[in-house]
Amino acid sequence: MAEALLQAIISGLAVGGAYALVALGFSITFTTTKTLNFSHGEFVSAGAFIGMSALFLMLGLPVSSTTFGSAMPGSGAQLLALVAALAVMGGLGWLLYALGVRPFAGRPGMAWVMSTLGFGVILQSIGLAIWGPKPVVVPSPVGDTVIRFLGVGVRPQELLTLAVTVAVMVVFDRVMNHTLIGKAMRAVAANGSVASLMGINTQAMMVGAFVVSSALAGLSGFLLAPIAQASLFMGLTVGLKGFSGAMVGGLSNPRGCVIGGFALGVFESLVNLWQAQWREVAVFALVILVLAFRPTGLFGRKLVEKV
């Protein structure tokens, strides 16, 4: 029983890392622009398929391929594919902000909600036209040989996902709290008008928020693809649970979002160990329960409106 419990926790931390990356992306755009990318799940899927397509190209295979066959990309090819995925997803984030958010931000109503949803539908439709709905098995950059310790078997990709996620969180936290760019982003998040008067380029900060958020979504999809297979529908669940993790941790608190994503992944894995058919019910029941008592999340700040 102890071995199964440890196995569930490790697997939960790996999946929770992907949720944490998505949750952090939601927090970045919300705190900086007071908007959210409701196509974030499709961005996760897009990151997986862009990375996969880069691998196909480097192996001399058509971009529209749906299998790697006997071809095994090396670590160098995997790294280049990751860079390509992050760059393209960052570009898509900039495009989303320019076309789907900026024209509607600050205006009455929530037209940006529909525009971001529509952007996701367009991404998914393009993906279906190129690759179709069939999932694709993506080779892991660290192999598939199971690592065993203390009676527990762990896939190297799970450990890689966890390590990369933690590294990204540490770097992001340091940038936000110890660099001028981080201080500028926090100033825009606190009060964009005042930050603009102080000489901060608020538009550049907002564009940067969407670029970083989209790149994090792409990174999440790239890391999850070898674990759960690349599918154009994989992002829906990851995006929804990443958003749930952000709400549980506190959408206005990046550290809280990260904790919420990890906690949700571990909780989901533990419930799956007990009764798999109750996993989704338990996860979202927990989210509703937390928000019922803490509407701003466990680590979120209460919003005070002056009238």
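Valine 101 is found in helix H3; helices here are DSSP runs of H or I with at least four residues, numbered from the N terminus. At 1% relative accessibility, valine 101 counts as buried, a word used for residues under 20% relative accessible area, with exposed meaning over 50% and partly exposed in between (1.4 Å probe, protein chains only). Not counting residues up to four places away in sequence, valine 101 touches Thr35, Leu96, Trp112, Ser115, Thr116 and Phe210, where contact means heavy atoms within 4.5 Å. Methionine 247 lies 146 residues from valine 101 along the chain, and the C-alpha atoms of the two are separated by 21 Å.

A word on the model before going on. It is predicted, so local features need pLDDT of at least 70 and side-chain atom pairs count only at pLDDT 80 or more, while totals for chains, interfaces and linings use all residues. Residues are numbered from 1 along each chain as its sequence is written, and side-chain values use heavy atoms, with hydrogens and water left out.

**Helix H10 and its cover**

Helix H10 covers residues 254-274. Its 21 residues should span 30 Å at 1.5 Å a residue, and the end C-alpha atoms are 31 Å apart, which agrees; the expected span is 1.5 Å times one less than the number of residues. Buried residues of H10 include Gly256, Gly260, Gly261 and Gly265, along with Phe262 and Leu264. Among the elements that cover the buried residues of H10 are helix H1 (2-33), helix H5 (156-178), helix H9 (234-249) and helix H11 (279-293).

**A charged network**

A salt bridge is a side-chain nitrogen of Lys or Arg within 4 Å of a carboxyl oxygen of Asp or Glu, and a search of the whole structure finds five of them.

| Partners | N to O distance |
|---|---|
| Glutamate 280 and lysine 241 | 3.1 Å |
| Arginine 279 and glutamate 268 | 3.9 Å |
| Arginine 279 and glutamate 280 | 3.2 Å |

Salt bridges that share partners join Lys241, Glu268, Arg279 and Glu280 into one network. The salt bridge of arginine 279 and glutamate 268 links helix H11 with helix H10, the two residues being 11 residues apart.

Glutamate 280 counts as partly exposed at 32%, and arginine 279 is partly exposed at 28%.

**An aromatic pair**

Rings of Phe, Tyr and Trp (its six-membered ring) pair if their centres lie within 6.5 Å; planes under 30 degrees apart count as stacked, over 60 as edge-to-face and the rest as tilted. By this rule the count comes to six aromatic pairs. In one of them, the rings of phenylalanine 49 and tryptophan 131 have centres 5.0 Å apart and planes at 50°, so the pair is tilted. Phenylalanine 49 sits in helix H2 and tryptophan 131 in helix H4, 82 residues apart, so to speak a link between distant parts of the chain. Both phenylalanine 49 and tryptophan 131 are buried.

Leu57, Val63, Ile122, Ile126 and Ile130 make a nonpolar surface patch of about 430 Å². Patches are made of residues with over 30% relative accessible area and no salt bridge; like charges are joined within 9 Å, and nonpolar side chains (Val, Leu, Ile, Met, Phe, Trp, Tyr) within 5 Å. The areas come from the Shrake-Rupley method with a 1.4 Å probe, and for residues only the protein chains shown count as cover. Which helix gives the most to the nonpolar patch? That is helix H4 (residues 111-131), with three residues. Valine 63 is found in the loop between helix H2 (40-58) and helix H3 (75-101), and is partly exposed, with a relative accessible area of 32%.

Lysine 34, in the loop between H1 and H2, has a positive phi of about 60° although it is not a glycine. Glutamine 229, in the loop between H8 and H9, has a phi near 75°, again a positive value in a residue other than glycine. Glutamine 229 counts as partly exposed at 36% relative accessibility. Threonine 202 is found in helix H8 (residues 202-228) and counts as buried at 14% relative accessibility. Leaving aside its neighbours within four places in sequence, threonine 202 is in contact with Val188, Gly192, Ala195 and Ser196.
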